[in-house]
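Thanks for coming. Please have the sequence and the model open.

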Amino acid sequence: MTGHALEVIGVSKSFGALQVSKNLSLSLERGARHAIIGPNGAGKTTFVHLVSGLLRPTKGTIRLDGHDVTAASPERRVAHGLVRTFQISSLFPKLTVAQHVGLALSARYGYDAKPWGELSDRTELMNEAAQILDSVGLLKHAATRVASMAYGLRRLIEVAIALALRPKVLLLDEPAAGLPSGDRAALLELLLRLPRDMAVLVIEHDMSLVFRFAERISVLVEGAILLEGTPADVRSDPRVRTVYLGTRAHG
Amino acid sequence: MRYLGTAATLLVDGIAFSMVLFLISIGMTVTLGIMRVVNLAHCAFAMAGGYLALALVQHASLGLMAALPIAVIGTMILGAVLEKTVYRWVYATSELGQILMTIGLTFLMIAAANLLFGSTLQTLPVPKPLAGTWEAGDVILSTYRGFLVLVAGAIAATLWAVMEYTDVGARLRAAVDNPRIARAVGINVPRVFAATFALGCGLAAIGGVLGTQMLPLEPWYALKYLVLVLMVVAVGGLGSIQGSFYAALLLGLIDTFGRYLVPALGAFLIYLAVVALLLWRPQGLFGRS
Amino acid sequence: MKGTASGPAERSAVVREGFERHRFGWLDALPWLCVVLWFVLAPGYLPLGTQVIVMIIFTLSLDLALGYGGIETLGHAALFGLGAYGAGLYALHVSSEPISGLAAAALAGALAALLTGALILRTRGLTLVMLTLAVATLVAELASTWKSLTGGDDGLTGYQIAPLLGLFGFDLAGRTAYWYAAAALAVLFLVSRWLVNSPFGLTVRGIRDNPVRMRMMGVQVTRRLVMLYAISGAIAGVAGGLTAQVTKLVGLDVLGLGLSANVLIMLIIGGPGRLYGAFLGAAVFVILSDRAAAINPFHWLFALGLVLILVVRFAPSGLLGAAERAVAHALRRRA
């Protein structure tokens with residue numbers, strides 16, 4: 001498929017007089033490894049909501065795989081291959097890990113409305129669920145109810161759900177948030193093993209993770225993109241240092 | 001001219017009915033809107049006020065106007081006590097849990113009303129100076145209902161003035177808009193809630209005491225008018241006193257005129273209007289989305 | 001966090017364990033044992049037993065909608081009542097054959113649920129509750145004023161019910177009615193169980209727990225809820241139809257707020273989201289209310305109010321939930 005996996009063109013979002021997103025533009029090709037960084041309140045989560053469809057932009061266009069999805073509902077965007085994870089784990093407390101992945105697979109296979117039969121009878125689905133859980137290291141927790149699981153493991157379930165939906169564009173909203181350093185290393189390893197044909201956009205604060213994972217980085221400050229470039233470009237740009245370290249020229 | 005007369009009578013009757021609904025629904029919309037608490041027992045407080053006044057009239061030989069303030073204060077005390085006790089449990093549970101718990105509380109109050117006052121329909125006597133009618137040509141207006149409209153109007157105006165222009169009102173509005181920030185700024189949110197709850201009960205009691213001509217007292221009062229009050233609150237918008245005012249007027253007038261003009265359809269029209277309105281604007285006329 | 005050395009078959013087996021398939025155990029025979037025992041030990045109370053069974057079916061329908069789908073409704077009686085009037089009118093104007101009458105009742109309930117659900121299930125939370133209440137009150141008012149069709153306050157009467165399968169007449173002692181209702185319960189319970197264990201069942205539980213997440217998985221949430229609501233409506237309709245056929249009278253109270261509140265209470269007492277909670281809650285409620293109402297309806301109301309407050313505070317998953325926790329606690333103590 002020629003063209004970009006994800007295109008965000010001139011997207012702005014205002015709440016009344018308050019403009020939270022200013023003329024944002026971004027484009028990801030197949031297999032891209034992109035990160036968005038920026039200080040708190042820069043509008044990163046708003047950006048994720050805009051791309052995933054929970055918010056509609058006031059101005060601008062969003063395209064998935066060439067299709068205009070600016071006005072499309074979240075469900076339609078998923079159908080076009082966009083999947084996002086949640087910064088604050090958004091799971092189903094009473095269900096088991098296996099059921100979480102099962103739900104995602106059932107949605108993808110088109111079984112979600114099937115009122116008879118049992119999911120666990122579908123061999124192909126079970127095999128894929130097993131393979132996904134194994135790849136994120138959650139296989140032994142398959143029968144555990146999510147409510148009783150540690151926070152770090154719950155973040156992994158988010159990734160498992162995302163993988164089960166076989167996205168063309170994967171949007172990870174602060175996947176390392178709240179994780180201790182050991183879990184972060186494991187997460188990075190997981191991210192590095194993501195399929196090469198999947199475009200991945202990570203919103204993150206953890207700089208070491210970002211610099212080791214991303215091939216391109218956009219810096220978001222006060223709702224606008226300050227700059228976009230390779231990790232080397234971003235690391236050496238004085239403006240970025242100013243924004244993060246607050247060392248201003250005037251004093 | 002005769003039609004004008006009938007229309008005028010209906011109008012006053014309709015507005016009087018609306019005003020009683022309004023007085024009762026203020027408390028409910030505030031608790032729903034501010035505290036996000038479903039309090040299905042709210043109408044029971046209106047009933048409690050009415051019954052308290054009845055007891056004073058019957059056993060202390062007080063007139064309606066003398067019994068009113070005592071009944072209102074008594075109901076406010078009842079509300080405050082329940083708020084500190086049972087309602088702590090209500091706050092702590094889910095939405096469905098709140099519905100069930102407050103239904104349970106309503107059942108308790110209905111049983112208590114039956115035990116204390118019996119199950120027959122009762123009304124409070126209209127004071128002599130307010131009895132009778134006021135006539136002008138073909139227009140015949142019930143004096144009492146006119147009085148009711150004036151009182152409710154005065155209360156509405158006072159509430160609006162308090163909300164808009166006083167410090168207390170500002171604090172309440174802050175607590176509504178964003179409890180977390182309000183707390184950070186030093187507003188004692190739980191105390192504001194407790195006070196508003198008691199006030200809401202008091203206003204409901206006024207409605208209950210003054211409105212017995214249209215809403216007679218009986219143990220089932222607490223449930224009988226609950227649906228109507230809920231509809232007023234939902235249509236007006238949760239948390240909006242202004243919304244309740246207009247919704248009560250709208251629904252009360254539709255009900256009064258509807259029953260007169262198209263009796264075959266009865267109250268069907270109101271509920272159809274409510275469904276249509278809520279589907280068009282789920283947050284109500286004045287609610288926030 | 002490398003992959004394990006086990007083969008795909010072993011891994012799938014581990015995953016399967018996570019799907020909690022419900023296998024029939026001896027405990028599942030308990031409710032049916034009670035059904036048989038009641039017939040044997042309390043032959044003079046068969047109408048009460050039939051009422052219990054009908055209410056179990058009604059509560060099952062609510063369990064599907066509310067317990068499994070999270071659809072909070074204060075107007076479920078509308079679906080029950082429309083089923084009742086449907087069966088009654090069918091018997092009066094079309095045919096006195098009972099099973100087709102039940103089908104008519106199911107259809108009435110399902111259609112009503114489908115139409116109203118499509119309109120109102122787009123909303124959530126309090127707005128949805130208000131809408132269910134408004135719709136139910138609307139239907140009740142309609143029935144009340146359309147006297148020529150429904151008989152109004154006097155109720156719908158004067159229809160006959162033909163013998164079941166042409167063989168078993170509905171006797172005064174209520175034996176046929178009892179087994180008729182029990183058979184309906186058995187069928188509908190199996191249907192509910194299939195539904196709940198199916199992919200659709202998992203989907204609606206997901207919608208119940210986190211509708212936004214389900215949308216982000218590409219699931220058409222409203223459409224699924226409407227489908228669930230329609231199935232629930234069909235089952236509620238059957239319960240209403242049974243009542244109409246067994247008592248040969250349909251009064252306005254089948255549509256009332258009282259019944260909507262009662263079925264909600266039955267489900268909460270038993271425990272939502274467990275199917276068997278419907279059995280327990282309905283049985284306890286109907287039997288107790290029958291005994292208590294005979295003594296003093298207001299005392300019953302008082303007791304009910306107290307029970308409601310206490311159950312929601314201390315046992316929000318109902319009696320079954322509390323029993324489950326007690327058993328789990330006891331097992332942990334042993335280990």
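**Helix packing and chain contacts**

In chain B, helix H12(B) passes helix H13(B) in a right-handed crossing. Before I go further, please keep in mind that this is a predicted model.

Two packed helices are described by the angle between their axes and the distance between the axes. For this pair, H12 covers residues 241-261 of chain B and H13 covers residues 268-280 of chain B. The angle is about 145 degrees, and the axes are 9 Å apart.

Which residues make the contact between H12(B) and H13(B)? From H12(B) there are Leu250(B), Leu251(B), Ile254(B), Asp255(B) and Gly258(B). On the H13(B) side they meet Leu269(B), Ile270(B), Ala273(B), Val274(B) and Leu277(B). Sorted by class, that contact has 8 nonpolar residues, 1 polar and 1 charged.

Now to the chains. There are 2 pairs of chains that touch, and the most contacts are between chains A and C. Chain A and chain B do not touch, and their nearest C-alpha atoms are 13 Å apart.

I will take chains A and C now. The contact involves 55 residues from chain A and 40 residues from chain C. Between them, about 4,200 Å² is buried, with carbon and sulfur atoms giving 61% of that area. On the chain A side, Glu75(A), Phe92(A) and Asp112(A) supply 14% of what that chain buries against chain C, more than any other three residues.

How many salt bridges are there between chain A and chain C? The count is 4. In one salt bridge, the side chain of Glu75(A) meets that of Arg215(C), at 3.2 Å from N to O. Polar contacts across the interface of chain A and chain C come to 13 residue pairs, with both residues at pLDDT 80 or more.

As for the elements involved, at least two residues each of the chain A side come from H2 (74-79), H3 (97-109), H4 (123-136), H5 (151-164) and H6 (181-192), which are helices of chain A. By class, this side has 29 nonpolar, 14 polar and 12 charged residues.

Next, chains C and B. Here 37 residues of chain C are in contact with 39 residues of chain B. The buried area is about 3,500 Å², and carbon and sulfur atoms give 86% of it. In chain C, the residues that lose the most area to chain B are Leu126(C), Met130(C) and Phe298(C), together 20% of what that side buries.

The salt bridge count between chain C and chain B is 0. The rule for polar contacts finds 1 residue pair across this interface, both at pLDDT 80 or more. Helices of chain C that give two or more residues to the side touching chain B are H5 (98-120), H6 (125-145), H12 (257-270) and H14 (297-314). H6(C) gives the most, with 14 residues. The class counts for this side of chain C are 27 nonpolar, 6 polar and 4 charged residues.

One last item, on salt bridges in general. Over all chains, the structure holds 21 of them. An example within chain A is Arg63(A) with Glu7(A), where the closest N and O atoms are 3.7 Å apart. That pair links distant parts of the chain, with Arg63(A) in strand E4 (residues 59-64) and Glu7(A) in strand E1 (residues 6-15), 56 residues apart.

That is the end of the talk.

Key: Residues numbered from 1 in each chain as written. Chains lettered and ligands numbered in written order. Predicted model: local features only at pLDDT ≥ 70, side-chain atom pairs only at ≥ 80, totals over all residues. Heavy atoms only, no water. Contact = heavy atoms within 4.5 Å. Buried area = accessible area lost by both parts, 1.4 Å probe. Polar contact = N/O pair within 3.5 Å; in protein donor to acceptor, adjacent residues only side chain to side chain. Helix = DSSP H or I, 4+ residues; strand = E, 2+ residues; numbered from the N terminus. Nonpolar A, V, L, I, M, F, W, Y, C, P; charged D, E, K, R; others polar. Axes fitted to C-alpha atoms, helices over the stretch in contact; angles between N-to-C directions. Left-handed = near helix turned anticlockwise from the far one by under 90°.
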